[in-house]
Amino acid sequence: MKFETRAVHAGRTADPATGAVAQPIYLSTTFEREADGSFPAGYVYSRSANPNRAALETCMSSLEEGASAIAFASGSAATMSVFQALSPGAHVIAPEDVYYGTKLQLQDIFARWGLQASFIDMSDLEALKAACRPNTELVWIETPSNPLLKITDISAVAAIAHEAGARVVVDNTWATPLLQSPFELGADLIMHSSTKYLGGHSDVLGGVLVAKVEDDFTRSIRALQGAGGAVPSPFDCWLVLRGIQTLPWRMRAHSDNAGRVAQFLQEHPRVERVFYPGLPEHPGHEIAAGQMKGFGGMLSVQITGGADAAMSVAARVQIFTRATSLGGTESLLEHRASIEGPASKTPPNLLRVSVGLEHADDLIADLEQALR
């Protein structure tokens, strides 16, 4: 089946009890045993498995064409479980511009427990080779990156990582399964913050890991999740699964709108620089065009005049909402450095933009008056 068909049908069946086309929300925390102690439906306790979570995991396995999936309470919980599953004293290589929450986990949380981390320019393959150590167990890829939209050549990085004996995890949140297929490019695991484009409506928190093969590492992650309880609620799973049904159509609209907004900003005299891989001037454009089926709905822009000028533009928008997060139907804009705090390496004049599903003409007009 094509992607659009799987987005609608994967993981979904009519309710066997009532024939309901929309899956019920199974709020029960526990499930009845048979007299012989067995669980014929396969469910024991909702921390270990739930019908709504199983449906979402089946759907995500199908969309990413993986062996299995594990749904989490958030993208950060999914990321943390990957790091927890590594060996004591293991070494992780991550991009220097990785999502600040991921860097926070590696530097401030797991470093205290002996996990080692190197942050490099992931587009520099020689730097990657030099960073590999005998205890390197994981290479973390985020492409496009947050918030500078750097592009990583997944195939090239995966080849180097596998040669060094390391697994490759791709944060595919910004690209989604529609626009990028990391397993085809050599990845071992894929992570999504399903809060973003998968849910798609800014009303649910979640994360998902998809495994290329069901191996001991995947089983270890699943055991850690069960022991730690980092599970999404049945309603959260139901909301994400509902959002996925329109994912392919939303992502095309997000991408089209973002391309138009990026082109407008590229030509504006008050704009210093635009970060969007769909622009031919973007240094990662050629790689992105080769490994993506579209360039996504996210961009960043540096405003001429420094932090004050950027904050001034953010203060004057009328359609864009000044808010953190991304991937919803509404367009969002934020001054990223102030969100990340004093240790941020994000340029102080940078605004991160999540381009929504409003008409592109209206979004451009709003930015034009804010930049005036």
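User: Which conventions apply to the model and its numbering?

Analyst: Residues are numbered from 1 along each chain as its sequence is written. In this predicted model, local features need pLDDT of at least 70 and side-chain atom pairs count only at pLDDT 80 or more, whereas totals for chains, interfaces and linings use all residues; side-chain values use heavy atoms, with hydrogens and water left out.

User: Into which domains is the protein chain divided?

Analyst: Domain bounds come from an automatic or database domain assignment. Here they give domain 1 (3–242) and domain 2 (247–371). The contact (heavy atoms within 4.5 Å) takes 32 residues from domain 1 and 37 residues from domain 2. Over C-alpha atoms, the two domain centres are 26 Å apart.

User: How much area do domain 1 and domain 2 bury between them?

Analyst: The size of an interface is often given as the accessible area lost when the parts come together. Buried area is that loss with a 1.4 Å probe, summed over both parts. For domain 1 and domain 2 the value is about 2900 Å², 64% of it on carbon and sulfur atoms.

User: How many salt bridges does the rule find across this interface of domain 1 and domain 2?

Analyst: Side chains of opposite charge can pair when their charged atoms come close. The rule asks for a side-chain nitrogen of Lys or Arg within 4 Å of a carboxyl oxygen of Asp or Glu. It finds 1 salt bridge across the interface of domain 1 and domain 2, and 11 in the whole structure.

User: What separates Arg53 and Glu57 along helix 2?

Analyst: Helices are DSSP runs (H or I, at least four residues) and strands likewise (E, at least two), numbered from the N terminus. Arg53 and Glu57 lie about one helical turn apart because they are 4 residues apart in helix 2 (residues 51–64). Their side chains form a salt bridge at 3.8 Å, N to O.

User: Are Arg53 and Glu57 buried or exposed?

Analyst: Buried means under 20% relative accessible area, exposed over 50%, and partly exposed in between (1.4 Å probe, protein chains only). Both Arg53 and Glu57 are buried. By contrast, Arg222 and Glu214 form a salt bridge at 2.7 Å, with Arg222 partly exposed at 29% and Glu214 partly exposed at 32%.

User: How far does helix 10 reach?

Analyst: The expected span is 1.5 Å times one less than the number of residues. Helix 10 (residues 247–266), with 20 residues, reaches 28 Å from its first C-alpha to its last, close to the expected 28 Å. Its buried residues include Leu247, Met251 and Phe264; among the elements covering the buried residues are helix 1 (3–9) and helix 14 (360–371).

Note on methods:
Buried area = accessible area lost by both parts, 1.4 Å probe.
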